[in-house]
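Work through the exercises below with the model open. Try each task before reading its solution.

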Amino acid sequence: MFAEDVMLVLARYNGGYHSHRNVLERTKVPAVCHRHIATERYIKAGLDADGFAEPASDYNDVDEALMTLCDHCNVDGFDTELAESQVQPSLF
C-alpha cells in the first residue's frame, strides 16, 4: 500500500443513533451525540485512529455538528451558517 492510499480520519462528529465502545479504555458512550477523535494510543494499538469517542452536548443536528467540528478543528474557507429555511433534497 502506498502512502496516498491511506486515509486518516482525525475527527468525526456523530449523532446519537448508536452507542460506541472505547476498546482501550473499556468504556461505553451511550447512544448520544458523540465525537470521535484520532489518538496516538489507538494508532499504536493498530486500531482505527478515530476509535476513541466522547459524549458531546454542543450539537444536536448535522448543521450544528458541522459548525462545531469547524470551530474545534479550526476549519475555515466555507460558509457554516445555519440555513433553517434550506430543506435537504430527497435522495430517492
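This is a predicted model: local features need pLDDT of at least 70, side-chain atom pairs count only at pLDDT 80 or more; totals for chains, interfaces and linings use all residues.

**Exercise 1. Salt bridges**

Task: Find which residues are linked with Arg35 in a network of salt bridges.

Solution: Apply the criterion, a side-chain nitrogen of Lys or Arg within 4 Å of a carboxyl oxygen of Asp or Glu. Arg35, Glu54 and Asp58 come out linked in a network.

Residues are numbered from 1 along each chain as its sequence is written, and side-chain values use heavy atoms, with hydrogens and water left out.

**Exercise 2. Three further pairs**

Task: Locate the partners of Asp50, Glu25 and Lys44, then place each pair in the fold.

Solution: Start with Asp50. Its salt-bridge partner is Arg12, with the closest N and O atoms 2.5 Å apart. Asp50 sits in the loop between α1 (40-44) and β5, while Arg12 belongs to strand β1, so the pair ties together parts that are 38 residues apart in sequence. Helices (H or I, at least four residues) and strands (E, at least two) are DSSP runs, numbered from the N terminus.

Now check accessibility. Buried means under 20% relative accessible area, exposed over 50%, and partly exposed in between (1.4 Å probe, protein chains only). Asp50 is buried at 7%. Arg12, at 33%, is partly exposed.

Next, Glu25. Its partner is Arg41, and the closest N and O atoms are 2.9 Å apart. Glu25 lies in the loop between β2 (20-22) and β3 (27-29) and Arg41 in helix α1, so parts 16 residues apart in sequence are tied together. Glu25 is partly exposed, at 29% relative accessibility.

Finally, Lys44. It meets Glu40 at 2.9 Å, N to O. Both lie in helix α1, 4 residues apart, about one turn of the helix. Lys44 and Glu40 are both exposed.

**Exercise 3. The sheet**

Task: State in what order the 3 strands of the open sheet run.

Solution: Two strands pair if DSSP finds at least two bridges between them. The order is β1-β4-β5, with antiparallel pairing. β1 (11-14) and β5 (52-55) are at the edges with a single partner strand each, so one side of each has no neighbour in the sheet. Neighbouring strands are turned by 20° against each other on average, direction ignored. Axes are lines fitted to C-alpha atoms, for helices over the stretch in contact, and angles run from 0 to 180 degrees between N-to-C directions.

Look at one pairing. β1 and β4 (residues 34-37) share 4 bridges. Ala11 stands opposite Ile37 in β4. Helix α2 (residues 62-72) packs on the sheet and touches β1 and β4, its direction making about 155° with that of β1. Contact means heavy atoms within 4.5 Å.

**Exercise 4. Core and rings**

Task: List which residues make up the largest nonpolar core, then find the aromatic pair.

Solution: A nonpolar core is a set of buried Ala, Val, Leu, Ile, Met, Phe, Trp, Tyr and Cys residues joined through side-chain atoms within 4.5 Å. The largest has 5 residues: Tyr13, Cys33, Ala56, Tyr59 and Ala65. Leaving aside neighbours within four places in sequence, Ala65 is in contact with Tyr13 and Tyr59.

Turn to the rings. Rings of Phe, Tyr and Trp (its six-membered ring) pair if their centres lie within 6.5 Å; planes under 30 degrees apart count as stacked, over 60 as edge-to-face and the rest as tilted. The whole structure holds 1 aromatic pair. Tyr13 and Tyr59 form this tilted pair, 5.6 Å centre to centre with 40° between the planes. Tyr13 lies in strand β1 and Tyr59 in the loop between β5 and α2, so parts 46 residues apart in sequence are tied together. Both tyrosines, Tyr13 and Tyr59, are buried.
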